[in-house]
Amino acid sequence: LCVLWHHRWRSTRSLAAAGVSVAFLAGSLLSAEAGVATCAYLFAYAVTLEQGNLKRRAASLAPAILVTIGWRLLYNKLGYGASGGSFYLDPSLEPLRYAWAMLVRGPILLMRQWSRVSADTFSCVPVSTRIILWPVVVVMLLAILLLLWPLLKSNRHARFWAIGMHISVLPICATMPMNRNLLWVGIGACGLVG
């Protein structure tokens with residue numbers, strides 16, 4: 001709903017639509033940490049669907065950035081989140097561990113979106129098996145990208161869904177790869193397939 005109202009705001013210049021979009025973003029963020037993935041689609045919108053120069057595109061994200069910063073400050077102030085364990089990483093407190101987790105977990109989660117291979121099993125197999133599986137997964141994702149490339153080059157709506165899908169995988173890299181966390185990624189994948 002946030003992205004729909006964002007589109008209405010950007011299409012009609014309605015300040016009411018901007019307010020509704022921001023309210024839905026706040027609701028998304030307050031409903032779950034994963035709600036931050038809403039911002040992935042707002043960013044994708046600015047990159048692919050927003051009209052105008054770079055400054056105008058960046059300015060369209062200002063309300064979302066302010067709401068997200070406010071949410072994160074409140075989140076920290078109230079003592080939410082977890083860090084220091086192996087199950088959940090806080091990107092702001094453990095940036096290097098999180099960067100490594102994105103590199104390792106991101107492709108696994110994306111591959112689950114495109115195949116029937118469960119992301120959950122990746123955490124259960126021995127490290128030696130993960131070391132073998134990871135490059136295979138990356139090669140398969142590159143093959144999918146090559147297949148989609150003509151569509152992505154010619155269709156800005158396809159690029160919107162693809163960018164949103166790929167950026168929305170980043171927040172869920174903060175926890176172990178699990179199929180149940182792929183809701184936001186799946187929204188982009190469904191739009192892309194459509």
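A: Helices are DSSP runs of H or I with at least four residues, and they are numbered from the N terminus. The model is predicted, so that local features need pLDDT of at least 70 and side-chain atom pairs count only at pLDDT 80 or more, whereas totals for chains, interfaces and linings use all residues. Residues are numbered from 1 along each chain as its sequence is written, and side-chain values use heavy atoms, with hydrogens and water left out.

Q: What is a pocket, and which residues line one?

A: On a 1 Å grid over the protein atoms alone, a pocket is an open set of points with protein on both sides within 12 Å along at least five of seven lines, and lining residues have an atom within 4 Å of a point. In this structure the largest pocket has a volume of about 540 Å³, a volume being the space filled by probe spheres set on the points, which are joined across faces, edges and corners. It is lined by 24 residues, of which Glu-33, Ala-34, Val-36, Tyr-88 and Pro-171 are the closest to its centre.

Q: Which helices supply at least two residues each of the lining of the largest pocket?

A: They are H2, H5, H8 (156-172) and H9 (183-193), and H5 gives the most, with four residues.

Q: How is the lining of the largest pocket divided by class?

A: Ala, Val, Leu, Ile, Met, Phe, Trp, Tyr, Cys and Pro count as nonpolar, Asp, Glu, Lys and Arg as charged, and the others, Gly among them, as polar. On that scheme the lining of the largest pocket has 15 nonpolar, six polar and three charged residues.

Q: How much space lies in the second largest pocket, and which helix gives the most to its lining?

A: The second largest pocket holds about 380 Å³ of space, and of its 16 lining residues the closest to the centre are Trp-100, Ala-101, Val-104, Arg-105 and Arg-130. Helix H6 (95-114) and helix H7 (127-154) each supply at least two lining residues, with H6 giving the most, at six. Eleven nonpolar, two polar and three charged residues make up this lining.

Q: How many cavities of 30 Å³ or more does a search of the whole structure find?

A: A cavity is a set of grid points where a 1.4 Å probe fits but cannot get out, and the search finds one of 30 Å³ or more. The largest cavity contains about 50 Å³ of space, and its lining includes Cys-2, His-6, Trp-9, Leu-42 and Ser-60. H1, H2 and H5 (62-77) each supply at least two residues of this lining, which has seven nonpolar, three polar and no charged residues.
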